[in-house]
Amino acid sequence: MKKILAAALSLTLAFGALTACGDSSSSSGSTAPAASAAEQSSTVQAKTAVAEPDLLAHLIDGKPDYIGMTREEFDDATQYAYSDKNAIDHQEEEGTGTYDKYSLGSSDTMLHGRLKLDKAYEQYLTLSFTDGKLSKATVRIEKITKEEAIKICDDFLKAIDGKLPEGYTQFKPVEHGRMCEVGFTKEKDDYVVSMRRDEDFDGDYFVFFDLEIYSQRYKM
């Protein structure tokens, strides 16, 4: 039964990759002009880098779950570390959602030290609140090579395999054009724990880890 469910989830992931809106991926279709590298660097330097929240602590260590918290609950749980003054980007999303992007500074680890990297990379955190609750959290590395992106995704699978609660299984990698997603799923009301790589419009690759409820990601 579990093999059948895993296969079904993989098929839905593949379908979702075709239809779901990417996280600023090459398939997003955005036409908004990008800030220059100098402007982006200046903006990041003007803001205080925040510490990376331990997004997997709930699943791996049984600690409180950030996803589903109200803004007030999240601020209280993180001692107000992710305030508006430190956000390098803030957007009001369609409907009732908000999106904030923060600099995590440069680090040679990811996912609160669980994923070792070959070198230090500038990293970013994005938080999406929908209907007043945290619905998605993402940790992102930008402007890398395809080879680096593939290596990070491969290392992510090795680092997380066997660490998640019983019932989580590795799904078959989902590829669509230059995008590839790898990770783990359980049931549709549980998390998708995954890493994705993609290429931007400048030919640079990026990778991002995101934590989101499966049924919410694919609007089930």
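Residues are numbered from 1 along each chain as its sequence is written. In this predicted model, local features need pLDDT of at least 70, side-chain atom pairs count only at pLDDT 80 or more, and totals for chains, interfaces and linings use all residues, while side-chain values use heavy atoms, with hydrogens and water left out.

**View 1. Strand S4 covers residues 133-144.** Strands (E, at least two residues) are DSSP runs, numbered from the N terminus. Nine of the twelve residues in S4 are buried, where buried means under 20% relative accessible area with a 1.4 Å probe, protein chains only.

**View 2. Strands S3 and S4 run antiparallel.** Two strands pair if DSSP finds at least two bridges between them. Eight bridges join S3 (residues 115-130) to S4. Tyr-124 stands opposite Arg-140 in S4, and Ser-128 stands opposite Lys-136 in S4. The hairpin of S3 and S4 has two residues between the strands, and Asp-131 takes a positive phi near 55 degrees.

**View 3. Strands S4 and S8 run antiparallel.** Six bridges join S4 to S8, which spans residues 205-213. Arg-140, the residue in S4 opposite Tyr-124, also stands opposite Phe-208 in S8.

**View 4. Strands S2 and S3 pair in the antiparallel sense.** S2 spans residues 98-110, and eleven bridges link S2 with S3. Tyr-99 has Ser-128 in S3 as its bridge partner; Ser-128 also stands opposite Lys-136 in S4. Four residues lie between S2 and S3 in their hairpin, and Leu-111 in the turn has a positive phi of about 60 degrees.

How values were computed: Buried < 20%, exposed > 50% of the residue type's maximum accessible area, 1.4 Å probe, protein only.
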